[in-house]
Every structure is written in C-alpha cells, then in structure tokens.
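This report describes how one protein chain is put together. Look at the sequence and the structure first, then read on.

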Amino acid sequence: MTIFHDAFPSSELEDNTSKSIILAGKNILICNAGGEFYAVNNICTHQHAELEGGRIRNCFISCPLHGVRFNLETGKPMGQLTNIPLPTYPLEITEEGMIRVGLSV
Ligand code: FES
C-alpha cells in the first residue's frame, strides 16, 4: 500500500535544484528538473554520498562525490561506478502546490 506524505510547497524549489526531506524515516530528495518534479532516494548507490545539491540537467542528477549520473525518472545510473538503480517514488502536486511523495508501507 502506498501512502502520500506532504513534503513542502513546489514554489520552494527553483528550476534545476534539489532539496532533501525526511519522510516516514526515509531520506528523500525532491528535484525540480526544468519544471518536472521527481522524488528519489537521497543516498547515492555507489558510496552512499548524499545527492542533494548535485547538478541537475534534463532529467538527470549527478552525484556530487564521483559524478555518477542517475535518471530521475527511472533511477538508472550511467557509467561504470555502479549499476544499482536509485530508488524512485511517486510524486504528486496538489492544487494548492504542495508536493506529496508516495511511500509504500
Ligand atoms: S558516491 Fe556517488 S558517485 Fe560515488
């Protein structure tokens, strides 16, 4: 079962930036990639660096530590350092502009 949790208003996140939040005990990263919003796990699957603040281009985020790029939609990594995908989560934005993230229980 998936339960949606309120994160923060989408107006708080500028284009091509990211912001982390703990929801239901999980470290979630919300990204605004050119106006498209995505929710992924904030921990890189290579060596556990936080992805917050990583460069966002199109629908990819680059890990600040060694630069692995992850597809924000699918979680798929590019390159040789890791082949473990990043967990991704369903995201919705309410009519009032609140970002909500779906987490399974
Ligand atoms: S820890 Fe993210 S690429 Fe190495």
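## Terms and source

A residue is called buried when its relative accessible area is under 20%, exposed when that area is over 50%, and partly exposed in between (1.4 Å probe, protein chains only). The model is predicted: local features need pLDDT of at least 70, side-chain atom pairs count only at pLDDT 80 or more, and totals for chains, interfaces and linings use all residues. Residues are numbered from 1 along each chain as its sequence is written, and side-chain values use heavy atoms, with hydrogens and water left out.

Strands (E, at least two residues) and helices (H or I, at least four) are DSSP runs, numbered from the N terminus. Two strands are said to pair if DSSP finds at least two bridges between them. Strands of a sheet pair through backbone hydrogen bonds, either parallel or antiparallel.

## Salt bridges

A salt bridge is a side-chain nitrogen of Lys or Arg within 4 Å of a carboxyl oxygen of Asp or Glu. How many salt bridges does a search of the whole structure find? The search finds three. In one of them, the side chains of D6 and R100 meet at 3.0 Å, N to O. D6 belongs to strand β1 and R100 to strand β11, so this pair ties together parts that are 94 residues apart in sequence. R100 also meets the side chain of E92 in a salt bridge, at 2.8 Å from N to O. D6 is partly exposed, with a relative accessible area of 45%; R100, at 23%, is partly exposed, and so is E92 at 32%.

Another salt bridge joins the side chains of E12 and K19, 2.6 Å from N to O. K19 has 27% relative accessibility and counts as partly exposed. E12 is partly exposed as well, at 43%.

## The sheet of three strands

The strands β1, β11 and β10 form an open sheet in that order, with antiparallel pairing. β1 (2–9) and β10 (91–93) are at the edges with a single partner strand each, so one side of each has no neighbour in the sheet. From one strand to the next, the twist averages 30° (axes are lines fitted to C-alpha atoms, for helices over the stretch in contact, and angles run from 0 to 180 degrees between N-to-C directions).

Three bridges connect β10 with β11 (residues 98–104), and these two strands run antiparallel. Opposite L91 stands V101 in β11.

## Strand β4 and its partners

Is strand β4 (residues 36–41) largely enclosed or open? Five of its six residues are buried, so β4 is largely enclosed by the rest of the structure. Six bridges join β4 to the antiparallel strand β3 (residues 26–33), and N32 has F37 as its bridge partner in β4. The hairpin of β3 and β4 has two residues between the strands, and G34 takes a positive phi near 60° there. β4 also pairs with strand β9 (residues 88–89), in the antiparallel sense over two bridges. The bridge partner of V40 in β9 is T88.

N42 lies in the loop between β4 and β5 (56–57). With 0% relative accessibility, N42 counts as buried. A polar atom of the N42 side chain lies 3.0 Å from the backbone nitrogen of E52. Contact here means heavy atoms within 4.5 Å. Leaving aside neighbours within four places in sequence, N42 is in contact with residues including S20, N27 and L51.

Two bridges join β5 and β6 (residues 60–62) in the antiparallel sense, and the partner of I56 in β6 is I61.

A nonpolar core is a set of buried Ala, Val, Leu, Ile, Met, Phe, Trp, Tyr and Cys residues joined through side-chain atoms within 4.5 Å. The largest core has 16 residues, and among those that touch the most other members are L29, I56 and I61. β3 and β4 each supply at least two residues of this core. β3 gives the most, with three residues. A second, separate core has 13 residues, including F8, L13, I30 and L103.

Methods:
Polar contact = N/O pair within 3.5 Å; in protein donor to acceptor, adjacent residues only side chain to side chain.
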